[in-house]
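Colleague: Could you take me through how the helices and strands of this one are arranged?
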Amino acid sequence: MSERSGFVAIVGRPNVGKSTLLNRILGQKLSITSRKPQTTRHQVVGIKTEHDIQVVYVDTPGIHKHHDKAINRFMNRAATTAVKDVDLVVMLVDRMRWTDEDEMVLQAIRQQKAPIVLAVNKVDFVREKEDLLPYLQQLNERHPFEQIVPLSAKTGHNVDRLEQLIASFMPQSMHFYPEDQITDRSSRFLAAELVREKIMRQLGDELPYAMTVEIEEFVHDGRILEISALILVERSSQKRIVIGDGGYRLKRIGEEARKDMEVLFDTKVMLNLWVKVKSNWSDDERALRSLGYDDQ
């Protein structure tokens with residue numbers, strides 16, 4: 001059998017660039033990104049097939065210390081369960097800053113049997129390049145990583161080297177997915193994530209994490225894809241923030257999300273957005289499950 005296929009978990013603390021790296025590897029946008037920590041809330045699978053090698057990447061929420069709410073506990077579970085049955089773990093860190101949360105991530109993954117590659121992201125921001133090599137040597141003393149790869153997920157610098165390394169760990173196996181498939185997530189899920197990204201980018205500081213998006217309608221009539229999305233917040237003051245003066249902000253969120261959806265789904269999209277208050281949804285396990293926050 002010449003085919004090789006395997007699973008790779010991309011893990012790290014919040015905001016180190018995991019979703020940007022996955023999008024770069026896939027050559028298209030799948031995982032949503034923003035400058036706000038904890039933008040990714042779910043495991044998102046991205047599939048890349050090139051010739052006889054298929055790599056199934058699992059992008060995970062950032063593992064973080066503060067888990068006082070049910071949604072934070074969910075995100076940590078989603079990240080730590082992702083590493084259980086993979087062939088390789090790629091741990092991503094942010095240039096020359098090792099934090100307590102990085103250490104927490106390492107402790108969580110080193111208990112698994114999968115080999116670990118350390119990817120040091122955002123090296124294009126390192127001013128003193130001669131400081132990089134001694135720092136990489138320090139990192140190597142923390143754990144016997146298979147390799148340490150300095151890269152930039154944003155510019156693509158050295159990402160091809162990481163991909164070659166990942167490919168070398170893939171076992172002989174039939175491919176798990178058709179070669180043209182890029183994710184196991186539904187179109188409804190991807191649409192909801194795009195709306196959430198636009199809100200996070202515009203309102204990250206004003207509306208921390210008390211917001212989620214639910215797709216109520218997703219219908220294609222052959223010409224136009226009609227999507228109705230419900231934005232859930234926890235307080236009426238947050239609802240006013242999302243809508244903005246005279247509905248300006250909600251309109252802008254809708255316009256930006258619709259443009260991305262038309263690229264992703266390759267069709268004309270009509271997007272309708274509503275905002276609704278659902279008190280305390282982020283700390284209610286049952287509400288989280290009903291909104292699609294499960295451990296799958």
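This is a predicted model: local features need pLDDT of at least 70, side-chain atom pairs count only at pLDDT 80 or more; totals for chains, interfaces and linings use all residues.

Colleague: What is the strand order of the open sheet?
Modeller: The open sheet has 6 strands in the order β2-β3-β1-β4-β5-β6, and their pairing is mixed. At its edges are β2 (44-50) and β6 (148-150), each of which pairs on one side only. On average, neighbouring strands are turned by 25° against each other, with direction ignored.

Colleague: In which sense do β1 and β4 pair?
Modeller: Strand β1 (residues 4-11) and strand β4 (residues 88-94) pair in the parallel sense, over 4 bridges. As an example, Val8 has Leu88 in β4 as its bridge partner.

Colleague: Which strands does α1 touch?
Modeller: Helix α1 packs on the sheet and touches β1, β2, β3 (53-59) and β4. The direction of α1 makes about 25° with that of β2.

Colleague: And where does α3 lie?
Modeller: Helix α3 (residues 100-110) lies across β1, β4 and β5 (116-121), and runs at about 175° to β4.

Colleague: Turning to helix pairs, at what angle do α1 and α5 pack?
Modeller: Helix α1 (residues 18-26) and helix α5 (residues 159-168) pack at about 80°, and their axes are 11 Å apart. The two helices are therefore roughly perpendicular to each other.

Colleague: Which residues meet there?
Modeller: From α1, Leu21, Arg24 and Ile25 meet Val159, Leu162 and Glu163 of α5. By class, this contact has 4 nonpolar, no polar and 2 charged residues.

Terms used. Residues are numbered from 1 along each chain as its sequence is written. Side-chain values use heavy atoms; hydrogens and water are left out. Axes are lines fitted to C-alpha atoms, for helices over the stretch in contact, and angles run from 0 to 180 degrees between N-to-C directions. Angles under 35 degrees count as roughly parallel, over 145 as roughly antiparallel, 65 to 115 as roughly perpendicular and the rest as oblique. Contact means heavy atoms within 4.5 Å. Ala, Val, Leu, Ile, Met, Phe, Trp, Tyr, Cys and Pro count as nonpolar, Asp, Glu, Lys and Arg as charged, and the others, Gly among them, as polar. Two strands pair if DSSP finds at least two bridges between them.
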